[in-house]
Amino acid sequence: MTEPLDIQRLRSWIGREESASDTISPDLVRRFNATIGIEGNVPSLGDPAPLLINYCLAPPAVPTSLLAEDGHPEKGDFLPPVPLPRRMWAASSLAFFGVLRVGAQVERVSRVADVVAKEGRTGTLCFVTVEHKSSVGGSVAIEETQTIVYREASTAQEALNRSRPEPAALGSHNRQVAVSAPFLFRYSALTFNAHRIHYDRHYAVEVEHYPGLVIHAPLQATLLLNYAAELTGKPPSRFVFRAVSPLFGDESINLHAAEEDGKINLWTARRDGPVAMSAEAAWA
């Protein structure tokens with residue numbers, strides 16, 4: 001049984017900061033492009049780096065012995081020790097002020113901005129908001145506000161009883177992307193993400209009661225943002241995304257896009273499935 005949520009104690013983490021730095025090496029870009037499916041020339045120093053490669057920079061290098069059962073680092077260091085067993089990347093809002101380039105040294109400062117508890121359909125939810133600033137040479141290149149949600153564990157029966165939302169609409173632009181277990185494993189490796197729902201099918205199905213491997217939220221966001229930039233020929237200045245429902249590997253997924261008043265609305269879905277992630281790219 002999950003221990004009670006001491007929200008006042010958890011809120012004492014507000015204001016806590018951590019910093020990290022990493023270099024966008026040509027080899028990292030080569031592996032990122034190979035994973036995502038971005039074709040082009042071999043990356044050279046000074047070239048623009050692919051969008052959202054910052055999610056691969058300076059990931060927490062927690063010793064394997066200190067990982068929890070689900071593969072996440074044990075809680076209570078930078079992030080508050082929320083006593084709820086399931087953790088998901090719920091949403092992010094990003095503003096881009098400069099182009100990250102191959103060879104750049106990127107400094108990231110992260111700060112816990114808020115901790116809020118709510119009651120939802122599945123029980124208690126705890127939302128942790130983290131602000132990230134990524135800088136190059138002292139100038140901020142990316143600002144991001146990330147929302148992480150913690151929730152109760154689902155039983156097998158609750159998973160069966162989940163509602164079946166309406167199928168997603170078709171966008172005016174569409175692309176099909178094949179997602180396989182090696183694709184998910186490679187992205188987990190790039191981001192040093194040991195969360196087992198993305199590569200351990202037995203754990204994902206038998207423990208967390210998903211029908212298959214779960215596609216990472218930042219991977220979906222990366223596919224959508226690069227798709228938007230490809231459609232317009234230039235990267236946006238603002239990008240927001242929100243996870244709506246889980247999306248699973250071992251099948252093709254669809255990227256959808258539709259222009260509207262100087263922005264592009266984007267979403268992912270499997271064939272005949274509901275919206276999995278909704279997003280918006282804007283050019284100011």
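By class, 24 nonpolar, nine polar and six charged residues line the second largest pocket. In this classification Ala, Val, Leu, Ile, Met, Phe, Trp, Tyr, Cys and Pro are nonpolar, Asp, Glu, Lys and Arg are charged, and the others, Gly among them, are polar. The model is predicted: local features need pLDDT of at least 70 and side-chain atom pairs count only at pLDDT 80 or more, while totals for chains, interfaces and linings use all residues. Residues are numbered from 1 along each chain as its sequence is written, and side-chain values use heavy atoms, with hydrogens and water left out.

The volume of the second largest pocket is about 940 Å³. A pocket is an open set of points on a 1 Å grid over the protein atoms alone, where a 1.4 Å probe fits, with protein on both sides within 12 Å along at least five of seven lines; lining residues have an atom within 4 Å of a point. The volume is the space filled by probe spheres set on the points, which are joined across faces, edges and corners. Of the 39 lining residues, Ile-38, Ala-49, Pro-50, Leu-51 and Asn-226 lie nearest the centre of this pocket. Two or more lining residues come from each of α2 (26–36), β6 (173–179) and α6 (217–232); the largest share, five residues, belongs to α6. Helices (H or I, at least four residues) and strands (E, at least two) are DSSP runs, numbered from the N terminus.

Helix α4 (residues 181–190) packs against α6 and also against α2.

| Helix pair | Angle | Axis separation |
|---|---|---|
| α4 and α6 | about 100° | 10 Å |
| α2 and α4 | about 155° | 9 Å |

Axes are lines fitted to C-alpha atoms, for helices over the stretch in contact, and angles run from 0 to 180 degrees between N-to-C directions. Helices α2 and α4 are therefore roughly antiparallel (over 145 degrees), and α4 and α6 roughly perpendicular (65 to 115 degrees).

With contact taken as heavy atoms within 4.5 Å, Phe-183, Leu-184 and Tyr-187 of α4 meet Pro-218, Leu-219 and Thr-222 of α6. This contact has five nonpolar, one polar and no charged residues. Towards α2, residues of α4 including Phe-183 and Tyr-187 meet residues including Leu-28 and Phe-32. The contact of α2 with α4 comprises seven nonpolar, one polar and two charged residues.

Trp-283 lies in the segment after β10 (277–282). Residues up to four places away in sequence aside, Trp-283 touches residues including Ala-228, Thr-232 and Ile-264.

Methods. Parallel < 35°, antiparallel > 145°, perpendicular 65-115°, else oblique.
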